[in-house]
Amino acid sequence: MHNHRRLIVLHILLVLCCQCIISGCTSPIIGLGAAATTAMQEERGFEVVASDLGTKANITALFLKKHKYLFPNINTIVYEGRVLITGSVSSEMERNMIENTVRRSAGVRKILNELRVTKIKRNVLQDNFINLSLANKLVLDSSILSINFATNTVDGIIYLIGIAQSQSEIDRVVGHARNIKSVRQIVNHIILKTDPMRMRKLIPASK
């Protein structure tokens, strides 16, 4: 059992290392160690976290191969095989093209395509401020297990995904998001830990 866990942790570190190299991470050792520790504490369990990281790496590789010019404008979060796609594209054709690319990646169980079709340049600084503000609020709220949630903000719209212990926890997360200045909308994809649609065990990635 311990050997199995060590292999899973090693897999997590290897996937994170690849992602770190792709994104130009400047402090990989600290970041990888912290991420591996976090993965073992999540509601998902570290086997599913490892699977999600592998799926994320597959998607990133496909994007760099097929849509490199769109890569800076697209963000993906993988949570128990559910892939939340956020960002902006200039046409409906690009939106569909991105979704089809994600669909071809191994490990994808469901796609949540929240890409916005717009040619208006987003306010990245404002979006980053919102992300940081929400992250701080979730961490400081002792009634929220912030480790189980992931967020992204695009044009003042906050996208939420994760696993909540109760409906009241979901309400608290949404409430914090709603009270941040410049937030225009909240799109909530958080599910309860008792949701029957959850990945109960590690599902082999489809070929």
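Predicted model: local features only at pLDDT ≥ 70, side-chain atom pairs only at ≥ 80, totals over all residues.
Axes are lines fitted to C-alpha atoms, taken for helices over the stretch in contact, and the angle between two N-to-C directions runs from 0 to 180 degrees.

Helix α3 spans residues 46–66, and helix α4 covers residues 92–103. The two pack with their axes 9 Å apart, at an angle of about 135°. Because angles over 145 degrees count as roughly antiparallel and 65 to 115 as roughly perpendicular, this value makes α3 oblique to α4. The crossing in which α3 passes α4 is right-handed. On the α3 side, the contact is made by Ile59, Leu62, Phe63 and Lys66, which meet Ile98, Thr101 and Val102 of α4. Sorted by class, this contact has five nonpolar residues, one polar residue and one charged residue.

Together with strands β2 and β3, α4 makes a right-handed β-α-β unit. Strand β2 takes in residues 82–89 and strand β3 residues 110–113, and the two pair in the parallel sense over four bridges.

Three strands form an open sheet in the order β5-β6-β7, and their pairing is mixed. Strands β5 (149–154) and β7 (185–192) lie at the edges, each pairing on one side only. On average, and with direction ignored, neighbouring strands of this sheet are turned by 10° against each other. Strand β6, made of residues 157–164, runs parallel to β7 and is joined to β7 by eight bridges. Within this pairing, glycine 162 has isoleucine 190 of β7 as its bridge partner.

Two helices accompany this sheet. Helix α5 (residues 124–140) lies across β5 and β6, and α5 runs at about 155° to β5. Helix α6 (residues 167–178) packs on the sheet as well, where α6 touches β5, β6 and β7. The direction of α6 makes about 160° with that of β7.

These two helices also meet each other. The axes of α5 and α6 come within 9 Å and cross at roughly 140°, which makes α5 oblique to α6. Here, too, the crossing is right-handed as α5 passes α6. The residues that α5 brings to the contact are Leu134, Lys137 and Leu138, and those they meet in α6 are Val173, His176 and Ala177. Of the residues in this contact, four are nonpolar, one is polar and one is charged.

Conventions:
Residues numbered from 1 in each chain as written. Heavy atoms only, no water. Pairing = 2+ DSSP bridges. Right-handed = clockwise from strand over helix to strand, strands pointing away. Parallel < 35°, antiparallel > 145°, perpendicular 65-115°, else oblique. Left-handed = near helix turned anticlockwise from the far one by under 90°. Contact = heavy atoms within 4.5 Å. Nonpolar A, V, L, I, M, F, W, Y, C, P; charged D, E, K, R; others polar.
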